[in-house]
Amino acid sequence: MDADAVEFVILGVAQDGGVPHAGCSCQRCIAALADPNLRRNPVACGVRGADGSLHLIEASRSLSEQLAIWSSALWLDAGLRPDTVCLTHAHLGHIDGLGQFGIEVMGMGGVPLFASSSVIDVVVKRGLSSPFVCCAVEPGVGFRPSEDCGFEYVFVPVPHRDEEADTHAVVVRGPNSSVLFLPDHDDWEQTLELHGADGIREWLSQLGVGIALLDGTFWDASELPGRDISQIPHPMITDTLKRLGERKEDDPVVLFVHMNHSNPVLDSTSKEAHKVDELGWSVAEQSSVLRL
Ligand SMILES: [Zn+2]
Ligand SMILES: [Zn+2]
């Protein structure tokens, strides 16, 4: 491991409810109850700075499991604690681990928490802010979460059921390459329009990223019988694939994240996962390490 490498670890790949999903008796959830290898944490990432500092993106309720994944992926001390936390938005699975930084669990204090000002308002209103020093982030303005970490975060606004607070994607700009982390947005139409881009490729190239973790919540609209999918808007993977077509040599790497328990790509042997693969894109896997 280079002393000055910046390493990005995928700590969870599921939608907010994780796999197994509460109140679900689908085959995937039942199988995951029986076999820990089939469980998937809600989406989160850990970035290890060039100076060894540790920066968590999203605080899910699977935090203890996720810190263990982080430590074993990078051979770090099993008792590691994040130096900073960064949040894309205030929906359940992205913030329900914040309480674990407090007195009942890790008993931490003064941890910098980076989020938009409306997300910070939610965190404060819910009484979750005491372990943190809240730092409101200005969209589009790069900043280092700590002095010598050797990378920058840039918040990118995206439209997403903003009932309580707004939503951002985060670009992690490392010394050699950059990642876009976009776990949740409503649809490509609105996101691309907001950024004045004609297509996904054009937008990713505007952002200057070589790797993009994209919202892969649902495979297609047939996935949730009995629930109105328009109430939980996300671009379908089938739509994203249609827009992307086949991967060409200079294209960025795309990894789908934030999969709902119902999404067939969670099974790497499914025909849907093969389709993603065939086109040259990928489904993200927990504990993968990207070197930036
Ligand atoms: Zn989510
Ligand atoms: Zn299920």
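**Reading the sheets**

Guide: Let us start with one pair of strands: β10 (residues 211–215) and β11 (residues 253–257) pair in the parallel sense over five bridges. This is a predicted model, in which local features need pLDDT of at least 70 and side-chain atom pairs count only at pLDDT 80 or more, while totals for chains, interfaces and linings use all residues. Residues are numbered from 1 along each chain as its sequence is written, and chains are lettered from A and ligands numbered from 1 in the order in which they are written.

Visitor: What does it mean for strands to pair?

Guide: Strands of a sheet pair through backbone hydrogen bonds, either parallel or antiparallel. Here two strands count as paired if DSSP finds at least two bridges between them. Strands (E, at least two residues) and helices (H or I, at least four) are DSSP runs, numbered from the N terminus. In the pair we began with, L214 stands opposite F256 in β11.

Visitor: Which sheet holds β10 and β11, and in what order do its strands lie?

Guide: They belong to an open sheet of six strands, ordered β7-β8-β9-β10-β11-β12, with mixed pairing. At its edges are β7 (152–157) and β12 (282–283), each pairing on one side only.

Visitor: Which strands make up the seven-stranded sheet?

Guide: That open sheet runs β6-β5-β4-β3-β2-β1-β13, again with mixed pairing. Its edge strands are β6 (132–136) and β13 (289–291). On average, neighbouring strands are turned by 20 degrees against each other, direction ignored; axes are lines fitted to C-alpha atoms, for helices over the stretch in contact, and angles run from 0 to 180 degrees between N-to-C directions. Strand β1 (residues 7–12) joins β13 in the antiparallel sense over three bridges, and V9 has V289 as its bridge partner in β13.

Visitor: Which helices pack on this sheet?

Guide: Among them is α2 (residues 63–74), which touches β1, β2 (44–48) and β13, its direction making about 145 degrees with that of β1. Another is α4 (residues 117–125), touching β5 (111–115) and β6, at about 155 degrees to β6. Contact means C-beta atoms, placed from the backbone, within 7 Å.

Visitor: How many helices and strands does the protein have?

Guide: There are eight helices and 13 strands. The radius of gyration is 18 Å, close to the 19 Å that the globule rule gives for 292 residues, so the protein is as compact as a globular protein of that length. That radius is taken over C-alpha atoms, and the rule is 2.2 Å times the number of residues to the power 0.38.

Terms used
Two residues are in contact if their C-beta atoms, placed from the backbone, lie within 7 Å.
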